[in-house]
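Colleague: Hi, could you walk me through this one? I'd like to go over the helix packing, the metal site and the charge pairs.

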Amino acid sequence: MPAKTQDIVARVLARCDQLAQFSELEDGVLRQYLTPEHRAANQQVAQWLNDAGLMSWQDSVGNQWGRLPAAKENVPRLILGSHLDTVPFAGKYDGILGVLLAVELLSYFSDQAPLPFHLDVVGFADEEGTRFGTTLIGSKALAGQFASHWLQLTDRSGTTMADALQEFGLSADQTSAATLNARDILAYWEVHIEQGPVLEALQQPLGVVSGIAGAKRAHIRIQGQAGHAGTTPMHMRQDALAGAAELIQFIETSARGGQHQEVATVGNVNVKPGAANVIAGACTLTLDVRALNDADRDALVLRIEAFAQQMAAQRQLNCEFDWYHEAPAVLCNNHIQQQFHQAARNAGLQIPTLPSGAGHDAMAVASVAPVGMLFLRSPGGISHHPDERVIADDIGLAFNVMKEALMLQALK
Ligand SMILES: [Zn+2]
C-alpha cells in the first residue's frame, strides 16, 4: 500500500475507534437516534469535514452531511454514505466505516480538479431502529418516506420521537425538510462491511452488491392437544411440537434446495404448556424468508405454507401463518455495478458480485436515486458484536476502488 493510502487507512481506523467512544454503554458500543451520543458523533464528523476544508450541515431529522461543491452551482449531487447509529454492544465499523471512508474520498478530491457534480457524504441518523423500533429513519426521511405516525412511537423510557426531536434541537413539524428531490441526486453509493461469511470464504477483500434481499416474516401458530406424556398412546396424540419439528426440517431443506440463494430461518420456538411430562398442546414459531427476487421468495413461502397444511392435516393439528412484515427486494443499479467492477479492474482487482441478505440505507434511497453498494469482507462473518473487525488492507482497496469509480463518473 502506498504511504498516502496507509495514512488514510490509519486515520479511518483511528476515527472508528474515536466514534466508538460516543456510547451510551460503559462496557460496549451503543449509539441511538437523537441521543447526546448521536449529537456528539455528528459534531465530531462535522469537525473532521471542516478540518479538511469541507462544508458540513445537519438536516432536519439529524442526518449529518458534508459536501465538496462542484465547479458549477446547478448540478446534481452524488451521495456517498452510510449510517452512524448502532445496535447495543455493536462493533465499530457497521455503517461508520462507510461514512468515514466517504469523508476521506471528499478530502482526496478536494485536492484534485473540481468534479462536475457535488460530492456529498451523509451519515444517516438511524438505520438500525434500536431506539424507536422502526428502521431506516434517516434514509427514509431523505426519500420522502418519513411516516408521521412515527412521531408518536416511544422509546423504552416512554419518550416520544416528537419529544426526542425537540430535545435534540429539531422540530417534529420540520421532518419533511430532510427530503431530497430525485432530480437533484445523481446516485447513492454505500460502502459497508458484508456482515456475512461469503467474501472471506471466497478469499476476496471486496464485492459488488447485486441487490438487497426482500424479506417476509411470520408467526406460525400450531395448535394441537396437550395431554399426559405417560397415558396418551402415540397414535392418539396431536403433538404440536412434533409437527413443528417436521415443519422446521422442511423449511431448512426447501430453502437449501432453492436455485436463487433463498434463505429461510426459524429463529424462535415457543411451546405450551412446556413441561417435560406434557405433550405440547401449542407451538408458535417465527419464520424469516429472504431472497433477492420477490417472486422466488414468495414461491418458497407458498411451498412452506402448502407443506404446513399437509403436515397439519396428517397430524390433526391446526396451523396458521400470521405474516407481519414484508420488505421488497431492492436491486442495485446495473450501470453502477458495472462501473464498480471497472473501477476495481482499474485498481488492479477482479472482484465478485454478491447479494446482501441484510437491510441497508440503500434500500430506502433506491426509491429516489440509482444505488450502488460495495462490501468489504467481514472476518469470521461477525457483525452486530464487539468482535466485528475489518482488515486494514481491505479499507485501502475499498478507498482505491471508490476513488477510481468517482474518476469514471467524472468522465461521463
Ligand atoms: Zn449497517
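Modeller: Happy to! A word on angles to begin with: those under 35 degrees count as roughly parallel, over 145 as roughly antiparallel, 65 to 115 as roughly perpendicular and the rest as oblique. Axes are lines fitted to C-alpha atoms, for helices over the stretch in contact, and angles run from 0 to 180 degrees between N-to-C directions. This is a predicted model, where local features need pLDDT of at least 70 and side-chain atom pairs count only at pLDDT 80 or more, while totals for chains, interfaces and linings use all residues. Residues are numbered from 1 along each chain as its sequence is written, and side-chain values use heavy atoms, with hydrogens and water left out.

Colleague: Thanks. At what angle do α1 and α11 pack?

Modeller: About 115°, with the axes of α1 and helix α11 (residues 392-411) 9 Å apart. The two are therefore roughly perpendicular to each other. Helices (H or I, at least four residues) and strands (E, at least two) are DSSP runs, numbered from the N terminus.

Colleague: And which hand does the crossing of α1 and α11 have?

Modeller: Right-handed. A crossing is left-handed if the near helix is turned anticlockwise from the far one by less than a right angle, and right-handed if clockwise.

Colleague: How do the axes of α3 and α11 cross?

Modeller: At roughly 50°, coming within 10 Å. That makes α3 oblique to α11, and the crossing of this pair is right-handed.

Colleague: On to the metal. Which residues coordinate the zinc ion?

Modeller: H83 through NE2, D94 through OD and H192 through NE2, at 2.0 to 2.2 Å. Donors are N, O and S atoms within 2.8 Å of the metal (3.2 Å for Na, K and Ca); water is not among the atoms, so sites may look incomplete.

Colleague: How are those donor residues spaced in sequence?

Modeller: The pattern is H-x10-D-x97-H. D94 sits in the loop between β3 and α3, while H192 belongs to strand β5 (residues 185-193), so this pair ties together parts that are 98 residues apart in sequence.

Colleague: Are D94 and H192 buried or exposed?

Modeller: Both D94 and H192 are buried. Buried means under 20% relative accessible area, exposed over 50%, and partly exposed in between (1.4 Å probe, protein chains only).

Colleague: Charge pairs next. How many salt bridges does a search of the whole structure find?

Modeller: It finds 15. A salt bridge is a side-chain nitrogen of Lys or Arg within 4 Å of a carboxyl oxygen of Asp or Glu. One of them joins D17 and K92, at 2.9 Å from N to O. D17 lies in helix α1 (residues 3-20) and K92 in the loop between β3 (77-83) and α3 (96-109), so that pair links parts that are 75 residues apart in sequence.

Colleague: How accessible is D17, and what about K92?

Modeller: D17 is partly exposed at 33% relative accessible area, and K92 is partly exposed at 34%.

Colleague: Which residue does R297 form a salt bridge with?

Modeller: D298, with the closest N and O atoms 3.1 Å apart. Salt bridges that share partners join D294, R297, D298 and E326 into one network. R297 counts as buried, at 1% relative accessibility, and D298 as partly exposed, at 27%.

Colleague: Last topic, the backbone. Where is the cis peptide bond?

Modeller: Between K272 and P273, with omega about 0°. P273 is in the loop between β10 (269-272) and β11 (278-279).

Colleague: What is phi for Q203, and for Q261?

Modeller: Q203 has phi near 55°, a positive value in a residue other than glycine. Q261, also not a glycine, has a positive phi of about 55°. Q203 lies in the loop between α6 (198-202) and β6 (206-212), and Q261 in the loop between α7 and β9 (263-265). Q203 is exposed at 68% relative accessible area, and Q261 counts as exposed at 60%.
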